[in-house]
Amino acid sequence: MPLITIDDQQIEIAAGSTVMDAARAAGIYIPHFCYHKKLSIAASCRMCLIEVEKAPKPLPACATPVTDGMVVRSYSAKAVEAQKGVMEFLLINHPLDCPICDQGGECQLQDIAVGYGGVASRYAEAKRVVKEKDLGPLVATDMTRCIHCSRCVRFGQEIAGIMELGMPGRGEHTEVMPFLEHHVSSELSGNVIDLCPVGALTSKPFRFSARSWEMARRKGISPHDGLGSNLALQVKDNRVMRVTPVDNEAINECWLADRDRFSYQALNSAERLTRPMVKDGGRWVEVDWPKAMAFAAGALKVIRDTHGASAIGFIASPHQTVEELYLFQKLARALGCENIDSRIDRVDFSGRRDGVEWLGMAVTDLNKLDRVLLVASTVRKEQPLIAQRLRQAVKKGAQVNVVHCADDDLLCSVANKLIARPSDLVNILAQVAKAVGADIDGLSDVVVSDAARAMAASLKSGEKKAVLLGAVAQQHPAASELHVLAQAIAKATGATLGFLVDSANAVGAGVVGCRPRQGGLNAAAMFVAPKKAYVILGAEPELDAADSAVAHQALAGAELVIALSPFKTAGADYAQVMLPVAAYAETAGSYVNMEGRLQSWCAAIPPQGEARTAWKVLRVLGNQFGLAGFDQDSAEQVLAEALPEGEATVRARLNNEIADVTVAHLNAAAGIERLGDTAVYQLDAYSRRAPALQVTVDGQVGHAAMACGALIARLGLSEDKPVKVRQSDAEVVFKLMRDDRLPDNVVRLAGGLAAAVQLGPRFGPISLEKM
Amino acid sequence: MSAPYTGPKVCLWTLDHANPASLETYVANGGYSALKKILAEKTPAAEIIEQVKISALRGRGGAGFPTGLKWSFMPRNYEGDKYIVCNSDEGEPGTFKDRDIIEFNPHQLIEGMVIAGYTLGAKAGYNYIHGEIFELYESWEKALEEARSAGYLGNNICGSGWAFDVHAHQGYGAYVCGEETALLESIEGKKGQPRFKPPFPASFGLYGKPTTINNTETLASIPWIMRNGGQAFLDLGKPNNGGTKIFSISGHVNKPGNYEIPMGTPFADLLVMAGGVRDGHTLKAVIPGGSSAPVLPAEIIMACTLDYDSIAKAGSMFGSGAVIVMDETVCMVKALERLSYFYYEESCGQCTPCREGTGWMYRVVHRIEHGEGRPEDLDLLMSVGNNIAGRTICALGEAAVGPVQSFIKHFRQEFEYHIEHKRCMVGA
Ligand SMILES: Cc1cc2nc3c(=O)[nH]c(=O)nc-3n(C[C@H](O)[C@H](O)[C@H](O)COP(=O)(O)O)c2cc1C
Ligand code: SF4
Ligand code: SF4
Ligand code: FES
């Protein structure tokens, strides 16, 4: 390993490293703009010029490879003179409008200018002015401030996988801009806000609402997908003003998906439930907490006493905390009820499972995979940052094979793909199973296609492999068959079987027992055979359930619905009591991510209005019933009870094995069918209440019915026009959009849409009619 | 000695024949014989490189890097594709020699590229042709087609079984695309901006493969060297400066144009060949090597010979051999304003000192020219130049500074007069 000296400090560092790497390793700060640890080297800002002994000119630290015996001075007169020269150049055309710039106080240009800038400028000419660019609803621009570091451009090319920003023009006329007529629409677009070292790219929803130094930074965990991205919730006057990432190489690295970054808007939504409410003669009245609790407990007691505890259903959102879910199931069980579930969007619970489904490996292992079989995952939208890791793996030579119901663009090369209608999914996965020689019954009639054979060849080669089941596979009507096939493929190829867990705490919910045991009903069953009463924690089953129409009907027909929710709308039409509970940022709590990692946080802000933390509300409910074991004093205490050995308890309960499933659904259905995967900004109560996300391209597309051009033509319909969508007995009008990446006879209409509640199941027959 | 040069010429000799560009003319005068001989005898690459080294051929694109040495940097045993690239971008103001080679002796350039391809083990060659000479792009394509039909290019060159082809690539007129790595980016279909080096093209070039880039005139000199031997080429010029060289002389002379004469010829002789300074005028200054070379006042350039060493000693750059002559009517402030505008417009904008500094320098010179100069401006220009030179990704930064600093150095009183009197002392 080369030994080099920087500023009289000796550093040994791997060959191939740069002087910047060495300096960072030694804790020496060299000013820089274009350098970023996750991006390729541009060497263009020249801020990092340093003096190297025997080199005639100053050299850029970020691009100069170390050589043994090299002597570097980052702070010598020569180096500083060069750095100051560069700083002067950067400032001559900069507007210096710090007082009205959102980046003020956290601007690298400002910071470095303090050390290297002059007091007055020698530049006496007119300054450059650059026209603003429209990058869509998330990223605001002040392009005159751009210092051309090209980080935002490289981010698109190298991390987001799609070059949505470019730098056309030469010299002083170089401008960062999106391609003509296009916005920036990547699901990772907000990261350019962090990357931009100046105030050229800032957050649009946050614009001009606070100064960086006025906000406290509190740690949080993203409440959306199962990755558990680490957040800095930035708080002013007890309000989350914006969200930025906290570096965690094991999870989100330094990135956030736009969903993680902008969903905080929901915390300040007008739909927040701020006072307990009770329905009185069909009208909602605000009551105080003691009244509300007494009412809720009293009404529930009546149901239990008249119909028995099994007449109650307990439904929780998998985005609630470990502590909340633990007390929720504890309350249900203490009341003698086993109808407890958080798997609201599932329909197929057949087969024997012995544990909680999880990723099967560490998140960081994803980057090291050689071969991947991605089964029914709209991965970019389900798991934006996992998709990013898979792209990095592909860059290093991994082969990704895709079995799905839509040929979505993964923004990386795909080795082989099999795309078919949802009802044909079992068949195509069975082909792959048969082609790899999986040990599984019932495949004798399966005809193996060339693509399946090619996929098998890919999966049989390579060292580190994974078969990953996406959300569509988990929500599918034959989910257990897909699971058992994936398991067989994994076994036959030496791959790890993993679940791309799509909710922040689905693993935690399973681990703490938010699942029916002996004699209990799962979520779907609780709606199909309606219960007299439901206790709902944070969930919106009428939106997210596998069959929204059936769920809605069951809830509307119940004698009693008690809704514990941060939001008013959930349950407003069918509940009898609404108890305002704290949102994720307002409570201390924990999530278990898809790799089984337990992450806890403290409340960043107090609950809104009279809302209370949900675990306390559940504890008081237990007290109302006079139940033992509801006397915890803190979230930590609840956690210690829920997971006595912490992560070890979690690990002991993780298991992806499934048994007792027969592969039977090998024949595709006739006719047109629905693909009701979850739209990226409809995943949960928070993302669907973030206005900025809803107006993005993804947000808009999520509200439309999509079909391929062939189907649209055959039905005599017109794209971009309203169309009648009919499912079961219901009919709803949606905008019809064309997506030729869908197979024929498939209508993609997201699950979780308020407008689609009456349509019912996420999968199954659907029809389109002219208006 | 002021008679026109009548000795052997390396590149533009075909102009002494009817149909200079034709394959017949070229072959009838020994063309492609060097290639045939090399392929027939399977001359080892090392021997060819040795001859090029002996010849003291130095890169004609501006930097004057010894070609034989550059060729020896190409990895010999690399498994995978390698490329050679000919730089016919010729964007430097004052330079117009490469276009004449393509127009009047294209086959010698083709033969040079094929020999280079053979020597360096390349899979293919590209000729990047300046964007504003469309008709030459077409005539070049025609010459390639002729060579292919005659078996000098393609799958089985001269019956040897060895395959090599040359492709044309049209630039679009950006000066910076003449910088070798910007040129590579441009061929790859990307925005033409220079790459940071290292890695150098010899290890990471076109499409990431080992690549050698040479100027048109450099490559066109190769067949002559291989036919006549490196020593004969060296003997045409002077030690360390082999060969004849095409000088593009422009500006205030009676007969501007290309003159191919031996390296080391006194500047005064070239001036005579070009018909001398415009009638009735006197020599004021000369930019000896293309617009980025520092300007030299008459008395200094008149004492120089035209070769790398002499011009460098005088404080300028031999460059591409573009000699820009200015007589006493030239306002040096106005001339510099035009030059600095060129660099300001042509900076690729990638690195801070060049992107920001070229605009700064131009605006200050523009102000001085327009009677709004300030006494501190000249020191400011020198200082801004110092902050650019040596701190950029490519040499365009230095190229922009060269004129500014040399004009002020040699003609400071003219600039001061402008600033003080808000008008020109030349009165033109
Ligand atoms: C801004 C800039 C423009 C250049 N333009 C040209 C050009 O038009 N033609 C050329 O041959 N070399 C040009 N060069 C030099 C090339 O980078 C390179 O050194 C040359 O092509 C190498 O060939 P040679 O060794 O045969 O001279 C330019 C360099 C710079 C920095
Ligand atoms: S917009 Fe920001 S990140 Fe992009 S090039 Fe300009 S300064 Fe850099
Ligand atoms: S010196 Fe100028 S032309 Fe060269 S890379 Fe930098 S900005 Fe571009
Ligand atoms: S950080 Fe090294 S040149 Fe920009």
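Which strand of chain B gives the most to the shell around ligand 1? Here are my notes.

1. First, some ground rules. This is a predicted model, where local features need pLDDT of at least 70, side-chain atom pairs count only at pLDDT 80 or more, and totals for chains, interfaces and linings use all residues. Residues are numbered from 1 along each chain as its sequence is written, chains are lettered from A and ligands numbered from 1 in the order in which they are written, and side-chain values use heavy atoms, with hydrogens and water left out.

2. Back to the question: strand 4 (residues 211-215) of chain B gives the most, with three residues. Strands here are DSSP runs of E, at least two residues, numbered from the N terminus. Around ligand 1 sit 18 residues, each with a heavy atom within 4 Å of the ligand.

3. Now the contacts. An oxygen atom of ligand 1 is 2.7 Å from an N or O atom in the side chain of B:T218, and one is 2.9 Å from such an atom in the side chain of B:N214. Taken alone, ligand 1 exposes 610 Å², and the protein buries 90% of that (Shrake-Rupley method, 1.4 Å probe).

4. Over in chain A, look at A:N401 in strand 19 (residues 399-404). A:N401 is buried, with a relative accessible area of 0% (buried means under 20%, with a 1.4 Å probe and protein chains only). Its side chain makes polar contacts with the side chains of A:N416 (2.8 Å) and A:S458 (2.9 Å). A polar contact is a pair of N or O atoms within 3.5 Å; within protein, one must be able to donate a hydrogen and the other to accept it, and residues adjacent in sequence count only if both atoms are side-chain atoms.

How values were computed. Helix = DSSP H or I, 4+ residues; strand = E, 2+ residues; numbered from the N terminus. Buried < 20%, exposed > 50% of the residue type's maximum accessible area, 1.4 Å probe, protein only.
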